[in-house]
Amino acid sequence: MDAEKRITFLLEDKKLDVQLNTIAAKVYHGERISESEGILLYEKGELGYLGVLANFIREKRHGNITYFNRNFHIEPTNLCVYDCKFCSYSRMIKHREDGWEATMEQMLNQVKSYDNEPVTEVHIVGGVLPQYNMSFYMDLFTAIKKHRPSLHVKALTPVEYHYIFKKAKVDYATGMAMMKDAGLDSMPGGGAEIFHPEIREQIAKDKCNADQWLQIHEAWHNLGMYSNATMLYGHIEQYRHRIDHLERLRQLQDKTGGFQTFIPLKFRNKDNQMSHVPEVSVIEDLRNYAVSRIYLDNFPHIKAYWAMISRETAQLALSFGVDDIDGTLDDTTKIYSMAGAEEQRPAMSTRELVELIKNVGRHPVERDTLYRVITDYKDAIFDEEGGAKQAAYYQLPVLDNK
Ligand code: V47
Ligand code: SF4
């Protein structure tokens, strides 16, 4: 049954709760749902129901296409002046002996090590330290672009920008314009956590607050540039805090249109100050993807970060509103493995990603950071070396009885 038939079937279900039926009708007609309806979805919406709605929206926007990209991360340092309670990564307080601080040269060498690889994006994110100031990052971006102009630099979050701009005494608009001139191409979605002060004060007290996070993205969008947004869910927040978070993002997106993708980040509880808080179930992960897809009607993409939630959950998420999977990664990020993610050395070849997507009946398309199509893998098969060729039939071994 296709996505349209499933939602019509649901709308005709006399046993469906009246309020859930009203929401389903709104989704069917492309109408926006309210904050109270969002909370109701979290409270009452069963997995199957939410999946029908979210998949309807996903397929209306993207059909069967599932995007992925080829990228690597640079994490400049795992030391940080902040003390977020969910962070398993920072070595400032505990295990200081395991801390690293990469130099400019080391980071450039990391970029150069991909010179013969078909990666399209470097994602730079890590801890916050005083020596990584505005001029350090501007020099880094400029040097990366000088070395490889086509490599998309997706770097830092409002957490770092707020900190370095404050130190340099520049306002957000000026600071972001300077970053753009230095070579910054886009901003990742991190540092958003949960915007609502009731929760943010408890888990991420000292870093930029919700308004500052949103203002920095707005300043970036006003330059005609794009960014992403995240939400760290499944810890001490309540459903109303999640909807408040999504509502603030939806409002800014109405204003600027500069967000490309929303990435829900599941709280992982290993080795941090919130280890006593249990992780939510995979069912809750899928419900959260679905509600995000339904609520954020003005976001083009919803992305599953497989390094955080496992390959299998990423596959399932493709039926709950997700149309994008990040990325090849090449074992260059530690943030999630240190927090207890199943993937301790996250890396997937193009072939593995393509097969992961195809195995659940979706159509894999490699994109660049701005969602321009690089390669359509719908009919591609791979040779022994992992190179893609045109479609052909798998050869079965045949016994020669002669
Ligand atoms: O802001 C930290 C999260 C984020 C934990 O924009 C944790 O394409 C769960 O934002 N459990 C950084 N999450 C990563 C990020 C990101 C990742 C992938 C793609 C993009 C994109 C952005 O990681 C932090 C924080 O919210 N995080 N610790 C933890 N224990
Ligand atoms: Fe620092 Fe980021 Fe960890 Fe917070 S989550 S302590 S800002 S590295």
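Predicted model: local features only at pLDDT ≥ 70, side-chain atom pairs only at ≥ 80, totals over all residues.
View 1. Y28 is partly exposed, with a relative accessibility of 26%. The structure holds 16 aromatic pairs. In one of them, the ring centres of Y28 and F56 are 5.6 Å apart. Their planes meet at 35 degrees, so the pair is tilted. Y28 belongs to helix α2 (residues 18–28) and F56 to helix α4 (residues 47–62), so the contact ties together parts 28 residues apart in sequence. F56 is buried, at 6% relative accessibility.

**View 2. The aromatic pair of F68 and Y377.** This pair is also tilted, with 45 degrees between the planes and 5.9 Å from centre to centre. F68 sits in strand β1 (residues 65–68). Y377 sits in the loop between β11 (373–376) and β12 (381–382), so the pair ties together parts 309 residues apart in sequence. F68 is buried at 0% relative accessible area. Y377 is buried at 5%.

**View 3. An aromatic cluster and two arginines over rings.** F195, W213, F259, F262 and F299 form one cluster. Elsewhere, the charged end of R242 sits over the ring of Y42, 5.0 Å from its centre. R250 lies over the face of Y295, at 3.9 Å from the ring centre.

**View 4. The residues around ligand 2.** The shell consists of C80, Y82, C84, F86, C87, G127 and K207. By class, 5 are nonpolar, 1 is polar and 1 is charged. C80 is buried, at 13% relative accessibility.

View 5. The structure holds 0 disulfides. C208 is buried, at 0% relative accessibility.

How values were computed. Residues numbered from 1 in each chain as written. Chains lettered and ligands numbered in written order. Heavy atoms only, no water. Near = heavy atom within 4 Å. Nonpolar A, V, L, I, M, F, W, Y, C, P; charged D, E, K, R; others polar. Disulfide = S-S within 2.5 Å. Buried < 20%, exposed > 50% of the residue type's maximum accessible area, 1.4 Å probe, protein only. Phe/Tyr/Trp six-rings, centres within 6.5 Å; stacked < 30°, edge-to-face > 60°. Helix = DSSP H or I, 4+ residues; strand = E, 2+ residues; numbered from the N terminus. Lys NZ or Arg CZ within 6 Å of the ring centre and 35° of its normal.
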